[in-house]
Amino acid sequence: MNLPAPLTLLRGGRLIDPASGIDEKKDLLLRDGHVAEVAAPGRVRLSPEDAARALTLDATGLVVAPGLIDIHVHLREPGQTHKETIATGTAAAAAGGFTAVAAMPNTTPTNDSPEITRWMQSPERNASVRVFPIGAATRALKGEQLNDFAALKAAGAVAVTDDGHPILRDNIMREVLIAATRHGLPVIQHAEDTRLTEGASMNAGPVAYRLGLRGMSPEAEYGLVERDIRLVAELERESKGARPHLHVAHTSTAQAVAAVHQARRNGLRVTCEVAPHHFLLTEQHVGCYNTHAKMNPPLRSEADRDAMIQGILDGMVDAIATDHAPHAAHEKEVEFERAPNGITGLETALGLCLQWLHGEWRLPLSRVLSLLSTQPAALLGFKGRGTLAVGSFADVVIFDPDAKWIWRAADSRSRSRNSPFDGWTMRGRVRYTLSEGRLVYSA
Ligand SMILES: [Zn+2]
C-alpha cells in the first residue's frame, strides 16, 4: 500500500454506481487515489504527459462498480496467524472484489485498545485493501467493563462489538449503547442468548435430533434482538438529540429480521446484515457432521433461509456481510461438537450474490452492488467509499457479470480453506480490483 497510486483510465465499461443512480457506459479517470473524472466513452482528455504515463484498463463488456465493502470479517491478526493474517485476509478480499473490510476485535489479544487498533492499520501489516478495525465494546469481550470508546475511535475504530460474545446483561448493554452514541459509534451485537445455547453446536431442529446434537433455538437469537431493541427504544425516549445505532450482526432467523423491521417502522435506528450462507444454506447442509457447515449463528430451517431471501428482496436487510472466519484444516477436522465455528467468505460473496440474488431471484444488479458496497459504507460511515462519484476514493471492482466459474477452495488467497461452497458454480468473475487507485488484484 506504500507505492503511489498510478494514473489509471478505465475505458469502455458499464459503470454501475448505486449511490448516484448511474448505470451506463462511462470512462473513469483515477488520479492520486481518487476518482478524478467520470465521462462518456472516449471523452476523457489527457495531456500528452499524462497519456504517456497512464495505465489504461479495457473494461469493455465488464461492469465497473464501487469496490465491495465487508463490514464483518475476522482477520485473525494479532494472534492467530496460522488461520489468517491481515495480509492474506485482505489479499482474499481483493480477489473477491472487496476494497474495504471491517475487522472484528476477537483477536488474541482482543482489540480493546487504541494501540492494537492502530497496529492493525499500520503499513507493516501489508494489507491489500483498507482495514477498518472494530473495537471491543467490553474489556476482553467479557461483557463487564466498558472500554474507552473515545480512545478507540480516535485510533480509527468504526464501531464497537463483542462479536462472538453477546453482551447479555441489560445494564451493560445499556451503558454500551449510551457511551457509543455519545461518540457516534454503532453498536454491533452478536445476538445469542448464551444462557439458552450452552453445549449447542447447530440449529435446534430435525437434523440436530437425528445427529444427537444439542441445538440452538431461534429464540436465543431473536430474544436478544428484541431485548436490544427495547433498550434502544428506552434510550431514544430519554435522550434528546443523539440517537443510538444498533446493528444486528449475521441475522439468521425470520423473527430477528421481523423485529428489526418493526423497530424501523417505529422510527428506531436499527440495522441488520445477512451472510450469504444464511440465505443459501440450511441445517440440512450439516448432513453427516460436516464441520464446514458449522457456524454461529448456525444454519437454520428452510423457513428462516427463505425469510433471509425475502428480507433482502424487500429491502429490510441493510447489508450483505460475509462473517469471513478462517480456520486451519486440522482445527475443522475434528468431531462436530469440538470444531470451531465459521467459514471463509470473501472470495465467494460476489459470485454467490450474482448467481443467486441476481440470477435466480432477479434482484437488479445495482441493488446487489448497493448491498455489497453503498449500504455497508453508509452503515459504518465510510466517507467517500461505496460510490464512484468524482472526488471519492478510487476503490473499484471490475467484473465480468456473466462469466460462470467453479469456486475451488484450494485456490483461495486466504490462509484457510474452510468453505462449504467448494465446487459451487459462481457467476461474475472479478477481473480487476483497485484500492485507493492501486491495482491490488487482476485475473
Ligand atoms: Zn458473531
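In this predicted model, R300 touches N203, M216, S217, P218, E221, S252, T253, T282 and E283, leaving aside residues up to four places away in sequence. The points below take up this arginine, then helix α10, and then the zinc site.

**R300 and its surroundings**
- R300 is placed in the loop between α9 and α10, and with a relative accessible area of 4% it counts as buried, because the limit for that class is under 20%.
- A polar atom of the R300 side chain lies 3.3 Å from the backbone oxygen of M216, and M216 is also among the residues that R300 touches.

**Helix α10**
- Helix α10 covers residues 302-313, and its 12 residues should span 16 Å at 1.5 Å a residue, which agrees with the 17 Å between its end C-alpha atoms.
- The buried residues of α10 are D304, R305, A307, M308, I309, G311 and I312, and they pack against α8 (254-265), β15 (270-274), α9 (276-280), β16 (319-320), α12 (349-360) and α13 (365-379).
- Just after α10, G315 adopts a positive phi of about 85°.

**Zinc site**
- The zinc ion is coordinated by D163 through OD, H190 through ND1 and H250 through NE2, at 2.0 to 2.3 Å, and along the chain these donors follow the spacing D-x26-H-x59-H.
- D163 sits in the loop between β10 (160-161) and α5 (170-182), whereas H190 sits in the loop between β11 (187-189) and β12 (202-203), so the pair ties together parts that are 27 residues apart in sequence.
- D163 counts as buried at 2% relative accessibility, and H190 is likewise buried, with a relative accessible area of 3%.

Methods: Residues numbered from 1 in each chain as written. Predicted model: local features only at pLDDT ≥ 70, side-chain atom pairs only at ≥ 80, totals over all residues. Heavy atoms only, no water. Donors = N, O, S within 2.8 Å, 3.2 Å for Na, K, Ca; no water. Helix = DSSP H or I, 4+ residues; strand = E, 2+ residues; numbered from the N terminus. Buried < 20%, exposed > 50% of the residue type's maximum accessible area, 1.4 Å probe, protein only. Expected span 1.5 Å × (residues − 1). Contact = heavy atoms within 4.5 Å. Polar contact = N/O pair within 3.5 Å; in protein donor to acceptor, adjacent residues only side chain to side chain.
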